[in-house]
Amino acid sequence: MEHLLNDNLLKYFTQYALMEGSTSALSIGGLKNLLQNQFAQYLKDSFSLDNIIKSLDKNNDGSVTFDEFVMLVKKITGTGQ
């Protein structure tokens, strides 16, 4: 089941990253767009979402990798730690 979830997450991530000309990273703006379009039901507090996103972007390059995206989705959906 988790494999299926990761496949869907990879599909979403790649789709939105390609719109920005990448397959390996997604801008913070692109990430917010993806989350608002695909995970709106989990977004209750945009302030806490901004804090979570900032905490994932450890190197402050303004983008997130697929692994960071998966960690974020697990946090907002309550399926991870």
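Here is a short tour, from the whole chain down to single residues.

What you're looking at is a predicted model, and the chain has 81 residues. Four helices and two strands make up its elements, and from the N terminus they come in the order α-β-α-α-β-α.

- Averaged over the chain, the pLDDT is 84, and 89% of the residues get a score of at least 70.

**The chain as a whole**

- Of the chain's residues, 28% count as buried.
- Take the contacts with a separation of 6 or more: 56% of them join residues 24 or more positions apart.

**The nonpolar core**

- The largest nonpolar core has 18 residues. Those touching the most other members are Leu26, Leu31, Leu35, Phe39, Phe69 and Leu72.
- Helix H1 (2–19), H2, H3 and helix H4 (66–77) are the elements that each give two or more residues to this core.
- Which element gives the core its largest share? That's H4, with five residues.

**Helix H2 and its buried face**

- Helix H2 covers residues 28–38, and its buried residues are Gly30, Leu31, Leu34 and Leu35.
- Look down the axis of H2 and those buried residues fall within an arc of 135°, so they line one face of the helix.
- Here's the background: an α-helix has 3.6 residues a turn, so residues three or four places apart point the same way.

**Leu26 in strand S1**

- You'll find Leu26 in strand S1, which spans residues 26–27.
- Is Leu26 buried or exposed? Its relative accessible area is 0%, so Leu26 is buried.
- Skipping neighbours within four places in sequence, Leu26 is in contact with Phe13, Tyr16, Ala17, Glu20, Leu31, Leu34, Gly62, Ser63 and Val64.
- Thr14 is 12 residues away from Leu26 along the chain, and their C-alpha atoms are 8.6 Å apart.

**Ser63 in strand S2**

- Ser63 belongs to strand S2 (residues 63–64).
- The cut-off for buried is under 20% relative accessible area. Ser63 comes in at 17%, so it counts as buried.
- Leaving out residues up to four places away in sequence, Ser63 touches Ala25, Leu26, Ser27, Ile28, Asp57 and Glu68.

**The aromatic rings**

- How many aromatic pairs does a search of the whole structure find? The count is five.
- One of them is Phe13 with Phe66: the ring centres are 5.6 Å apart and the planes meet at 75°, so this pair is edge-to-face.
- That pair ties together distant parts of the chain, with Phe13 in helix H1 and Phe66 in helix H4, 53 residues apart.
- Phe13 also forms a pair with Phe69, this one tilted, at 5.6 Å centre to centre and 40° between the planes.
- Again the link joins distant parts of the chain: Phe13 is in helix H1 and Phe69 is in helix H4, 56 residues apart.
- Phe13 is buried at 0% relative accessibility, and Phe69 is buried with a relative accessible area of 0%.
- Tyr12, Phe13, Phe39, Phe66 and Phe69 come together as one aromatic cluster.

**Phe39, a loop residue**

- Where does Phe39 sit? Look in the loop between H2 and H3.
- With 8% relative accessibility, Phe39 counts as buried. Phe39 is also among the core residues that touch the most other members.
- Ignoring residues up to four places away in sequence, Phe39 touches Leu9, Tyr12, Leu34, Phe69, Val73, Ile76 and Thr77.
- Phe39 and Thr77 are 38 residues apart along the chain, and 8.5 Å separates their C-alpha atoms.

Key:
Residues are numbered from 1 along each chain as its sequence is written. This is a predicted model: local features need pLDDT of at least 70, side-chain atom pairs count only at pLDDT 80 or more; totals for chains, interfaces and linings use all residues. Side-chain values use heavy atoms; hydrogens and water are left out. Buried means under 20% relative accessible area, exposed over 50%, partly exposed in between (1.4 Å probe, protein chains only). Contact means heavy atoms within 4.5 Å. The arc is that of the directions from the helix axis to the C-beta atoms. pLDDT is the predictor's confidence in each residue, from 0 to 100. A nonpolar core is a set of buried Ala, Val, Leu, Ile, Met, Phe, Trp, Tyr and Cys residues joined through side-chain atoms within 4.5 Å. Rings of Phe, Tyr and Trp (its six-membered ring) pair if their centres lie within 6.5 Å; planes under 30 degrees apart count as stacked, over 60 as edge-to-face and the rest as tilted.
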